[in-house]
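Please keep the sequence and the 3D view open while reading.

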Amino acid sequence: MLHTAERISVLPKDCLVVGDSINDVESARSAGMTMADVHYGYNHGEDIRMSKPDLVIGSLLELV
């Protein structure tokens, strides 16, 4: 994530990661990025809200 941000000349704090699991949340947090998770994704059967992403969405259209 940090490599990609650097390659496109964007600061990590200005990035939004969209994912579907606690692994995505932890990776975004480690990189200093904002995290949005879809509630219907792959998360080992656990509610994604438990991992405390910045935002939980039901559709990517909600990001517009």
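## Basis of the model

The model is predicted: local features need pLDDT of at least 70, side-chain atom pairs count only at pLDDT 80 or more, and totals for chains, interfaces and linings use all residues. Residues are numbered from 1 along each chain as its sequence is written, and side-chain values use heavy atoms, with hydrogens and water left out.

## The nonpolar core

A nonpolar core is a set of buried Ala, Val, Leu, Ile, Met, Phe, Trp, Tyr and Cys residues joined through side-chain atoms within 4.5 Å. Buried stands for under 20% relative accessible area, exposed for over 50%, and partly exposed for values in between (1.4 Å probe, protein chains only). The largest such core is made of eight residues: Ala 5, Cys 15, Val 17, Val 25, Ala 28, Ala 31, Met 33 and Met 35. Helix 2, residues 22-31, supplies the largest share of this core, with three residues. Helices (H or I, at least four residues) and strands (E, at least two) are DSSP runs, numbered from the N terminus.

Cys 15 is one of the core residues. Not counting residues up to four places away in sequence, Cys 15 touches Ala 5, Val 10, Met 33 and Thr 34. Contact here means heavy atoms within 4.5 Å.

Is Ser 51 buried or exposed? Ser 51 has a relative accessible area of 16%, so it counts as buried. The side chain of Ser 51 reaches the backbone oxygen of Ile 48 at 2.7 Å. Leaving aside neighbours within four places in sequence, Ser 51 is in contact with Ile 22, Val 25 and Asp 37; Val 25 is also listed in the core.

Asn 43 has its place in the loop between strand 2 and strand 3, and is buried at a relative accessible area of 8%. With neighbours within four places in sequence left aside, the contacts of Asn 43 are Asp 20, Ser 21, Ile 22 and Ile 48. Glu 46 is found in the loop between strand 2 and strand 3 and counts as exposed at 54% relative accessibility.

## Salt bridges

How many salt bridges does the structure hold? There are three, a salt bridge being a side-chain nitrogen of Lys or Arg within 4 Å of a carboxyl oxygen of Asp or Glu. Arg 29 pairs with Asp 54, with the closest N and O atoms 3.0 Å apart. Arg 29 lies in helix 2 and Asp 54 in the loop between strand 2 and strand 3, so this pair ties together parts that are 25 residues apart in sequence. Arg 29 is partly exposed at 39% relative accessible area, and Asp 54 is partly exposed at 44%.

Another salt bridge joins Arg 49 and Asp 47, whose closest N and O atoms are 3.1 Å apart. Arg 49 is partly exposed at 47% relative accessibility, as is Asp 47 at 39%. Asp 14 and Lys 13 also form a salt bridge, with 3.3 Å between the closest N and O atoms. Lys 13 is exposed, its relative accessible area being 59%.

## Positive phi angles

Most residues other than glycine have a negative phi. Ser 9 is not a glycine, but has a positive phi of about 60°. Ser 9 sits in the loop between helix 1 (2-7) and strand 1 (16-19) and is exposed at 70% relative accessibility.

His 44, also not a glycine, has a positive phi of about 55°. His 44 lies in the loop between strand 2 and strand 3, and its relative accessible area of 54% makes it exposed.

## A nonpolar surface patch

Which residues form a nonpolar patch on the surface? They are Leu 16, Val 18, Tyr 40, Leu 55, Leu 60 and Leu 63, with about 530 Å² of accessible area together. Patches are made of residues with over 30% relative accessible area and no salt bridge; like charges are joined within 9 Å, and nonpolar side chains (Val, Leu, Ile, Met, Phe, Trp, Tyr) within 5 Å. Accessible areas come from the Shrake-Rupley method with a 1.4 Å probe, and for residues only the protein chains shown count as cover.

Within this patch, Leu 55 is found in strand 3. Leu 55 is partly exposed, with a relative accessible area of 39%.

Conventions: Polar contact = N/O pair within 3.5 Å; in protein donor to acceptor, adjacent residues only side chain to side chain.
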